[in-house]
Amino acid sequence: MVKVLIADDHHVVRRGLLFFLKTQKDIEVVGEAVNGKEAVEMAATLQPDIVLMDLVMPVMDGIQATRMIKEKFPHIIVLMLTSFSDQDHVVPAIEAGAAGYQLKDIEPDELVASLRSLMRGENTLHPKASSELLKAPAEPAPHTINQLTPREQEVLAELTKGKSNREIASALFVTEKTVKTHISNIFIKLSVQDRTQAALYAVKHGLTEVGRQ
């Protein structure tokens, strides 16, 4: 079972999410938070697998709540679910630790697919969010990039394109197990927690073909 905590200040949104997620046999909604502060407190108590986090909430917003949850509980996955798709919201959310970013107009089936993708360790970004992410201004690459091997840089480039481990393995003619090993090394060397943060890092520092466009 995938344990999900819903954090949104709108009752109608929470009811809608709860109604649909309860129909999924592999998903259990373990709680509902009405603001960011409550989301942090409930995450500590309930230890969900995923927090469905709204961006704009009273008391504490979703970005600050995400940052606090990831600092205290790195294993908890945060999927931002919001109405905002501009760069000023997308980039800070991912930098705070959100592993996924979806808009509230997402189809229910697609939302469930996103939750399952995140549990598999894959990134899930709404097309509009991906577009804004790629617009992030490039910054000088820190020395840590020199620690990546040429193969790890190739894997990072493919990962930034949103490819799954299987797709990366096929593109580089290696096994999925090898890809997983390279990705683990990339996370350690770049001090990032997930694929989405790795992609943001690569784009911001112009380390991939995508980032240099």
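If you want one spot to look at, find Thr 82, which stands opposite Leu 103 in E5. Keep in mind that what you're looking at is a predicted model.

Now zoom out to the whole sheet. It's an open sheet of 6 strands with parallel pairing, and the order is E2-E1-E3-E4-E5-E6. Which strands stand at the edges? They are E2 (27–33) and E6 (124–125), and each has a single partner strand, so one side of each is left without a neighbour in the sheet.

Let's step along to E3. On one side, E3 pairs with E1 in the parallel sense over 4 bridges, and the bridge partner of Leu 5 is Val 51 in E3. E3 is also joined to E4 by 4 bridges, and those two run parallel; here Ile 50 stands opposite Ile 77 in E4.

Where do the side chains of E3 go? In a regular strand, side chains alternate between the two faces of the sheet. You can follow that in E3: Ile 50 and Leu 52 point one way, while Val 51 and Met 53 point the other way. Are these residues buried or exposed? All of them are buried.

Two packed helices are described by the angle between their axes and the distance between the axes. For H3 and helix H4 (residues 87–96), the axes come within 8 Å and cross at roughly 15°. Angles under 35 degrees count as roughly parallel, and H3 and H4 are therefore roughly parallel to each other. Their crossing is right-handed.

Who meets whom at this contact? From H3 come Ile 63, Thr 66, Arg 67 and Lys 70, and they meet His 89, Pro 92, Ala 93 and Ala 96 in H4.

Technical notes. Residues are numbered from 1 along each chain as its sequence is written. This is a predicted model: local features need pLDDT of at least 70, side-chain atom pairs count only at pLDDT 80 or more; totals for chains, interfaces and linings use all residues. Side-chain values use heavy atoms; hydrogens and water are left out. Two strands pair if DSSP finds at least two bridges between them. Axes are lines fitted to C-alpha atoms, for helices over the stretch in contact, and angles run from 0 to 180 degrees between N-to-C directions. Angles under 35 degrees count as roughly parallel, over 145 as roughly antiparallel, 65 to 115 as roughly perpendicular and the rest as oblique. A crossing is left-handed if the near helix is turned anticlockwise from the far one by less than a right angle, and right-handed if clockwise. Contact means heavy atoms within 4.5 Å. Buried means under 20% relative accessible area, exposed over 50%, partly exposed in between (1.4 Å probe, protein chains only).
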